[in-house]
Amino acid sequence: MELIIGPRRFSTWSLRPWLVLKRCEADFSVRELDFNTPEGHAEMLAASPSGLVPVLRVEGETIWDSMAISVWAAERYPQAKLWPADAHARWLARSAACEMHGGFGALRTHCTMNPDHLMVGDTRSPPPENEAVAADLRRLVGLWTGMRARFGASGDFLFGDWSVPDAFFTPVATRIRHYQIDLGLYGDTDGVAQAYADTLLAQPDFLEWERTALAG
């Protein structure tokens, strides 16, 4: 099993399925491609049906897209409990992960991760002044605080125990850190959303990713 990813320093899409596979304790190798170079870009186009990363090669097939890889992993490794056991929590966990997968466009655009804005390490950039970003952040805070209030009693993650939405929101936590965003300005009056972001950034698998990225 091989997971093909982009640069660990800023490839947010790549981080998500890597976290999922680590949670599954899957036996997989990683091929990291620098798609900003002509050689890396050509290799990515050759390896990925969509021309994008991440992709997972397993049993003669190539699975593309971070959500598809996560769904495959939940089927293959049911013991990892990648979705909440409670049916209502599971429905909303899938909704939250899919919203992150396809939404928050302003936050992605104006708080980008690229070779100059890293999701690892101590580099920082000033927060953007943009109303569309502010709207995304208010929605993010509402989602996080709402799910934590309803389903977070069993642990520190969004639905208590770690699940797929936590993988999908970890890159957002790195954006909040890098752009020095004060979530209190967007409705996080009790610090619940910031505490959740801090939990994601302290999770051992993410810290392993960060160490590898900084050493590379």
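Tutor: The model is predicted, so local features need pLDDT of at least 70 and side-chain atom pairs count only at pLDDT 80 or more, while totals for chains, interfaces and linings use all residues. Residues are numbered from 1 along each chain as its sequence is written, and side-chain values use heavy atoms, with hydrogens and water left out.

Student: Why is the pair F10 and F35 called edge-to-face?

Tutor: Rings of Phe, Tyr and Trp (its six-membered ring) pair if their centres lie within 6.5 Å; planes under 30 degrees apart count as stacked, over 60 as edge-to-face and the rest as tilted. A search of the whole structure finds six aromatic pairs. For F10 and F35 the centres are 6.1 Å apart and the planes stand at 80°, so the pair is edge-to-face.

Student: What makes this pair a tie between parts of the chain?

Tutor: Helices (H or I, at least four residues) and strands (E, at least two) are DSSP runs, numbered from the N terminus. F10 lies in the loop between β1 (2–5) and α1 (12–23), and F35 in the loop between β2 (29–32) and α2 (38–47), so the pair ties together parts that are 25 residues apart in sequence.

Student: Which residues do ring pairs link into a cluster?

Tutor: W144, F169 and Y196.

Student: What makes the charged end of R16 sit over the ring of W13?

Tutor: A charge sits over a ring if NZ of Lys or CZ of Arg is within 6 Å of the ring centre and within 35 degrees of the ring normal. The charged end of R16 is 4.5 Å from the centre of the W13 ring and sits over that ring. The charged end of R94 sits over the ring of W83, 5.4 Å from its centre.

Student: How do you know that β1 and β3 pair?

Tutor: Two strands pair if DSSP finds at least two bridges between them. β1 and β3 (residues 55–58) have three bridges, in the antiparallel sense. L3 has L56 as its bridge partner in β3.

Student: What is the pairing of β3 and β4?

Tutor: β3 and β4 (residues 61–64) pair over four bridges, again antiparallel. The bridge partner of L56 in β4 is I63. Two residues separate β3 and β4 in a hairpin, and E59 in the turn has a positive phi of about 50°.

Student: Where is Q180?

Tutor: Q180 lies in the loop between α7 (164–178) and α8 (192–202). Q180 is not a glycine, yet it has a positive phi of about 55°. At 46% relative accessibility, Q180 counts as partly exposed.

Student: What lines the second largest pocket?

Tutor: On a 1 Å grid over the protein atoms alone, a pocket is an open set of points where a 1.4 Å probe fits, with protein on both sides within 12 Å along at least five of seven lines; lining residues have an atom within 4 Å of a point. The lining of the second largest pocket includes F10, W13, F35, V53 and T112. T112 is in the loop between α5 (105–110) and α6 (131–151). At 26% relative accessibility, T112 counts as partly exposed.

Conventions: Buried < 20%, exposed > 50% of the residue type's maximum accessible area, 1.4 Å probe, protein only.
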